[in-house]
Amino acid sequence: MPVVDVDPDELRYLTGHDEKDDDELKSDLFDLGLEFEGWTEDDEFQLEFAPDRLDRLSVEGVARSLRYHYGDDRGVDIPNTNSADWTIEVEDQPDERPYVTGAIVRGLDMDEAALESLIQLQEKLHATMGRKRAKGAIGVHDLTMLKGDSVTDETGKSITYTSADPDEATFVPLDADAEMTPSEVMASHETGQTYGDLVADFDRVPAIYDAIGLFSFPPVINGRRTEVSVDSRDLFIEMTGTDQWTIDHMCNIVCYALAARGGQVEKVDVSYADDAPGEYAGKTLERPDFSVRTKTVTHDRIESILGVSLDSREVIDYAERAGLDATETESDDGVAYEVEVPPYRVDVIHPLDTIDDIGRALGFNSLEPTYPDVSTVGGRHERSRLEDAARDALVGLGFEDLLNFHMINEVENFERMGLDPDTTGGDVVGQTDPVTIQEPYSEDYTILRTWALPSIMMVLENNTHRSYPQDLAEIGLAAGLDDSENTGIAEHRTVAAALARTDASYEDAKARLQALADAFDKDLETPPTVHPSFIGGRAAEVVLDGESVGVIGEIHPKLLIEHDLELPVAAFEFRLDALE
Amino acid sequence: MKRPQAQVAVLQAADAQEDRRIDDVAAEADLKPEAATRAAFELEADGLVSVSEETLEHYELTDEGDRYVRESLPEQDLYEAAIDAGAADGPVQMGQVIGASGLEGGAVDIALSNYARKAYGSIDSGEITANQDADPGSDPEMLALEAVADRRVDDADTDALDQLERRGLLDVREETVRSVQLTDDGVTALMEGVEAAETVDQLTPEMLTSGEWEDVAFTEYNVEADAEDVSHGKEHILRQTANRVKDTLVGMGFSEMEGPHADAQFWINDCLFMPQDHPARTHWDQFALAEPEEIGHLPPDLVERVRSAHKEGVGPDGEGYHSPWTEDIARGMDLRGHTTSLSMRYLSGHQVGELDPPERYFSVEKVYRNDTLDPTHLLEFFQIEGWVMAEELSVRDLMGTFTEFYEQFGITDLEFKPHYNPYTEPSFELFGTHPETGEVVEVGNSGIFRDEVLTPLGVDCDVMAWGLSLERLLMLMYGFEDIRDVHGTLCDLELLRETEVIR
């Protein structure tokens, strides 16, 4: 879940509610779904929230939500924008990163707190919507340091989003003192090493030029020339990425935050060359795009989801309190609303999402729970009933029921049981090709177990200090590769049991297996077999109603020594479905 | 006065002046020790004898201690070698002394640490000196070892015994020994004469068939005495909890689902409207499989509808995600990170055929997350999952259903905190009051499935769903602190044996 650091003083200043103390603010924020997680080193609130409202990734966005919550603001608010003076020319940009957007914000009077907030917002957007800069990356520049060539007329200025040879283009990146090529940045600059992978495979890397030269190498690093400081009053914001909608909306969130700081937003034309890659070739986009989106939602649906009766006036009121605008209209399904969604709301992608907003404004916890008047007949699954019946029978025979992990590693599953992991096929119980896990978190858990006796042996090994006898059993999942299954995996429930006692013998195990077979009215035969986990001459196949379904025997002494056991163990394992 | 035979024998064997061990009394009275103990307690209850208990310590040499007592302590060997090397006159190279002493491996460290502790000399910068005045020949630890070996523990110095126990050379076992002594009432009773009653200990089949049982008196037992420990099988505590949950849900009209643990991402994530590049998909850190890598077959029409929901949205105002979507990723095999994959299979009609409202389904099954193992998180745990399908459902129905469910487990005052899930809207985190501590704790996550989930599955009514971890419920209900003691191969059999059963 995203976390945002917010200075409570800033929050009081931006909401205009100086009278709120820290505890009141925390409680109000909790109502909005922003949970106080603790204080930062700089005495800021650390707030955690669900990853839908990415417009709250800065103190400005949080303050805006609070103002709606307090009723200070209502409905959709669109900042004023001045018309475009600057153009981003897009030509020969990398196919892999074809999109760019931008905006200008003028007249800022930023203090340290405002600058920090902007940097935090940029980082948080990179981490979330920007997918660690792969999908969208933000560059903010001091506009006064840019020199724009005139393109169309005397006043218009431009920068160019294009591509560059990573070994030829040069610029001085942030946190550096000398000219470097993009390749050098990726090889030796700290930020370059972190983000260089995103463009390492490109023949030509993304590059932004003004009349002076290269000033940004997105998505890796900006140039030092245009670095933003507290003295910067006018900012040029550009974003590049793999999806136009995503970067446009990241841009909207940043522009709303800066407008809340008193900045004047100015449009920028994004002009794609006729032969530019991507879906906007030959088109000019005016950005930021502050147009509202409209979702049509019926009155009936609002009432059926919330389970309450409302009149239109209430619906419109709740919508406005949520920062939306709603207009009553008629539809095929009766009364409906055209709900307008502001340009910073990236989470509203369906009419249903506006009902959630209305519900939140109404206060879900004020609703009275009702038990649905819907009648159904319940029941257990056949497989789980069988499993329970077998487990009851084992417990009745004195076994302690175990619950082990289905994940295990090759060593425990095969080698420590005397099986050869490289031997495939055959009908030795446990000797199945295992389901293997990609990049396992721990080397203890690399496959799904092919049988359950290894787990029981591990429990015995870990409990040698506990009193004996230890009669242990488990019914659980085992799995192996199987081409004939749609998933490529045969999963089955296995019944495994072991008797660890000073005089444990084959006969003791067989007596219990026989009792189990009798309980399920199965005919048990135990023809001799050879299995590496058991003592030769003391191992048998478990044959139930004529079908070979498992193995029984006395565990081989070399396995006992391997598991630090100082007494004999007799054991059996077979497929649960044999008891059906 | 008439008393049972065993009591008479104990009374006669007991002494009024001194405590007699029950074992000795039993031998003299020709009784089994348990019978004599039982008789003694019965007599004590009537004030005829007093029973006292004392705890005796038994010392036994460990294998290491046994070896030293037959040979010598490693520090003694070291001292001898040091004296031979002339360390009494000045520092000598340690390596040389150790070589001469014949000590090897772990014995070297043992010798060095005890050498210094006992002031046999000093060890500094790889050099060793020997204290001329030290007297390893009368080392109190060696004397104590010998005393234990010769069963003369009383002669041994107690500090030395403690030290030997710390060094792992001795094992100490405690044993409770009971003794009896006649009370004044007991002496009086004996003087007045005590006769053995015609009693029997054990009712036998012969007595029953012969009718002899009618003529005998039965020995009275001390029915309050402790009985021996009986080990017994028991269903695993988590299974018991799972069954309690299953019973509750079946009682509420839910049917149980069943399906694969390893499944295609399509069923686990894509049907749930989780965008393929969403942080939550990595956040859940599901286990991807190296083998098998891909599912064999996915229903092509459903795949197309799911793709379309992701890319174009559902309904006239639906937008979908601005994220890439490929069938290749959807085909990839994972261990399921939630059992909602089963819900998707059931709702799609591909598991048990088309479903018509109303329906209620649940599962209490394992899920897998690539998370860090700690006292409250496991890589595998049980998820309780349930959903209700009906023509029209509201958030109030959702609240009512879950209030009812959690009340069955003593969790009341349920609160619904609006939340975000990619697959439900509205969504709620559920908070409840802990039955023991009164704390407000998170108990689950819930919501009404989005149209983008249901429409591709061919469901045109409402479905509300919720999930929580069974382990969390268990920990809340029974106060376990480390889930690893219970679940997995690190489990403690003692804990499982002693845990109270679930009612």
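Chain A splits into four parts: domain 1 (3–70), domain 2 (81–108 + 131–242 + 253–287), domain 3 (293–366) and domain 4 (382–579), with bounds that come from an automatic or database domain assignment. This is a predicted model, in which local features need pLDDT of at least 70 and side-chain atom pairs count only at pLDDT 80 or more, while totals for chains, interfaces and linings use all residues. Residues are numbered from 1 along each chain as its sequence is written, chains are lettered from A in the order in which they are written, and side-chain values use heavy atoms, leaving out hydrogens and water.

| Domain 1 and domain 2 of chain A | Value |
|---|---|
| Separation of centres, over C-alpha atoms | 31 Å |
| Buried area | about 520 Å² |
| Share of buried area on carbon and sulfur atoms | 55% |

Buried area here is the accessible area (1.4 Å probe) that two parts lose on being put together, summed over both. A:Leu14, A:Glu60 and A:Arg64 supply 63% of what domain 1 of chain A buries against domain 2 of chain A, more than any other three residues.

A:Glu60 also pairs with A:Arg261 in a salt bridge, with the closest N and O atoms 2.7 Å apart. The rule (a side-chain nitrogen of Lys or Arg within 4 Å of a carboxyl oxygen of Asp or Glu) finds two salt bridges across this interface. On the domain 1 side that touches domain 2, the elements giving two or more residues are α1 (8–15) and α3 (59–70) of chain A; these helices are DSSP runs (H or I, at least four residues), numbered from the N terminus.
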